[in-house]
Amino acid sequence: MVKKLNLIIATLYSVILATVETLLNNYWNDWEYFPLWIVDYFIAIILLSAVFLFKDNYQKIMLMSGWSFSAGVTYMALFISLEPSTLNSPDIEGKLPLIALALIVSILGFILTIIDFKNSK
């Protein structure tokens, strides 16, 4: 049950993350500095490959990698966005809840993967 829930969350999160990243970058025409947005697509690729390409222990390792990378990126994005100089940005009210939600989902996925590791032993 934990594994199935983790795979469903990973699939939904990946698709939503890639879609929102594309929509936001198109809306703000902000494709210039690619390291800030390419990591979201990389996270989606890691998690989707874990769901559809890998099985057994490799799947768990890829899920752990994807969730931990996502948690690190969203943690960094959240606290960079909370810096006083960026709080004056006109779009910050819309971004902060999305980044916080992504961090929560990433931590949840990480925890579910750890539980799945422990259940399989």
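**Where the labels come from**

Q: What makes Asp56 count as exposed?

A: This is a predicted model, and in it Asp56 has 55% relative accessibility. Exposed means over 50%, so Asp56 counts as exposed. Asp56 lies in helix H3, and its phi is near 60°, a positive value in a residue other than glycine.

Q: Why are H3 and H4 called roughly antiparallel?

A: The axes of helix H3 (residues 56-81) and helix H4 (residues 92-119) cross at roughly 150° and come within 8 Å. Angles over 145 degrees count as roughly antiparallel, so H3 and H4 get that label. The crossing of H3 past H4 is left-handed. Sorted by class, their contact holds 18 nonpolar, seven polar and two charged residues.

Q: How do you know that the length of H2 agrees with its number of residues?

A: Helix H2 (residues 35-52) has 18 residues, and at 1.5 Å a residue they should span 26 Å. The end C-alpha atoms of H2 are 26 Å apart, so the two agree. Buried residues of H2 include Trp37, Asp40, Ile43 and Leu47.

Q: Which residues touch the most other members of the largest nonpolar core?

A: Out of 15 residues in that core, they are Ala10, Tyr13, Ile43, Leu47, Leu63 and Trp67. Helix H1 (2-28), H2, H3 and H4 each supply at least two residues of this core. The largest share, five residues, comes from H1.

Key: Residues are numbered from 1 along each chain as its sequence is written. This is a predicted model: local features need pLDDT of at least 70, side-chain atom pairs count only at pLDDT 80 or more; totals for chains, interfaces and linings use all residues. Side-chain values use heavy atoms; hydrogens and water are left out. Axes are lines fitted to C-alpha atoms, for helices over the stretch in contact, and angles run from 0 to 180 degrees between N-to-C directions. Helices (H or I, at least four residues) and strands (E, at least two) are DSSP runs, numbered from the N terminus. Angles under 35 degrees count as roughly parallel, over 145 as roughly antiparallel, 65 to 115 as roughly perpendicular and the rest as oblique. A crossing is left-handed if the near helix is turned anticlockwise from the far one by less than a right angle, and right-handed if clockwise. Ala, Val, Leu, Ile, Met, Phe, Trp, Tyr, Cys and Pro count as nonpolar, Asp, Glu, Lys and Arg as charged, and the others, Gly among them, as polar. The expected span of a helix is 1.5 Å times one less than its number of residues. Buried means under 20% relative accessible area, exposed over 50%, partly exposed in between (1.4 Å probe, protein chains only). A nonpolar core is a set of buried Ala, Val, Leu, Ile, Met, Phe, Trp, Tyr and Cys residues joined through side-chain atoms within 4.5 Å.
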